[in-house]
Amino acid sequence: MSGRFSEEVMTRAMREIAAGLGVPTKDARLLRLTNNAVFALPASGLVIRIARTHRLRDRVTKVVQLARWFAEIDAPTIRLAPKVVQPVEVADLTASVWAYVPGNASAPTVEDLGSSLRRFHALDSPPSSVAAWDPVGDARRRLVDADGLSAEDHDYLRAWCEHLEPQIAELNERSERTLIHGDAHVGNLLREPSGRVVLCDFDATCIGPWQVDLAAVAVGAARFGTGEAHRRLANAYGYDVTSDRHWSVLREARELKMISAAAPLLASSAAVAAEFAIRMRSIDQMEPTRRWTPFANLT
């Protein structure tokens, strides 16, 4: 399928960025094509990450600022590519460029995620302004770039946002808040050759209830059939988020994110559009254990 954020468009943008940096693309490979198009250029030691939306461009600037601070304090996170002026603009797209992390024979585990999150939550607040946790605002911005979204689905998602917004506001007001990753799952961990595990993907990083960072794996347990991972994370972190009194709101916020994130991509992938329809039906029909397929497995 075609679209403003198709693989073809993203690949062309990657090549333009690489040309501007003066690096070859013969070895370029697509690592991920979900909310971002992520390309590895191993020979050049780079990863190019292009946002697949026009409405969240400010996120790339935030991520770059956070990454510079993470480097200053030696946080357990990936690093920006050195000597690159960032963010990088190409046509009407925005990208960031990172240092490539070679593969390690030992893949990160959910226990690594638990320990990484404990360290991350213990960090001080960054010197630059970081917004409060706002999954509803994020979802609304996704809807603006929603290629191929029907009017009926648009209205449903908009009504869901209106229903959830006051609950999110109350949770933000009443909870202990820290710096949170915002999309914490094992797929956002990398193991360096030294063995150190680092977090990546800071698009959703914000200030909010720390329980948010345990919700992704817990919701994945129900939706993707990975219940053992949730139990292991709860043991590693020392808290079972499904026992939290705000669990229903945390779960709903995560599911809204997992659905609305695909809205700009429907015109670019028939498989994503089909999975999006399954997810929408499961929410509408109140089927909390209906199995979903990760979008990353479809693109």
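This note goes through a helix pair, the cysteines and some backbone features of a predicted model.

1. Basis. The model is predicted: local features need pLDDT of at least 70, side-chain atom pairs count only at pLDDT 80 or more, and totals for chains, interfaces and linings use all residues. Residues are numbered from 1 along each chain as its sequence is written, and side-chain values use heavy atoms, with hydrogens and water left out.

2. Helix pair, geometry. The axes of helix α3 (residues 110-121) and helix α7 (residues 227-237) come within 8 Å and cross at roughly 40°. That makes α3 oblique to α7 (angles under 35 degrees count as roughly parallel, over 145 as roughly antiparallel, 65 to 115 as roughly perpendicular and the rest as oblique). The crossing of the two helices is right-handed, meaning that the near helix is turned clockwise from the far one by less than a right angle. Axes here are lines fitted to C-alpha atoms, for helices over the stretch in contact, with angles from 0 to 180 degrees between N-to-C directions. Helices (H or I, at least four residues) and strands (E, at least two) are DSSP runs, numbered from the N terminus.

3. Helix pair, contacts. From α3, the residues V110, E111, L113, G114, L117, R118 and H121 meet A229, R232, L233, A236 and Y237 of α7; contact means heavy atoms within 4.5 Å. By class, the contact has seven nonpolar, two polar and three charged residues (Ala, Val, Leu, Ile, Met, Phe, Trp, Tyr, Cys and Pro count as nonpolar, Asp, Glu, Lys and Arg as charged, and the others, Gly among them, as polar).

4. Cysteines. The structure holds zero disulfides, a disulfide being a pair of cysteine sulfur atoms within 2.5 Å. For C161, the closest cysteine sulfur is that of C206, 16 Å away and so too far for a bond. C161 is buried at a relative accessible area of 0%, and C206 also counts as buried, at 6% (buried means under 20% relative accessible area, exposed over 50%, partly exposed in between, with a 1.4 Å probe and protein chains only).

5. Cis peptide. The bond from Q86 to P87 is cis, with omega near -5°. P87 sits in the loop between α2 (57-73) and β4 (88-90).

6. Positive phi. A91, in the loop between β4 and β5 (93-99), is not a glycine, yet its phi is positive, near 55°. A91 counts as exposed at 72% relative accessibility. D201 is likewise not a glycine and has a positive phi of about 65°. The loop between β8 (197-199) and β9 (206-209) holds D201, which counts as buried at 13% relative accessibility.
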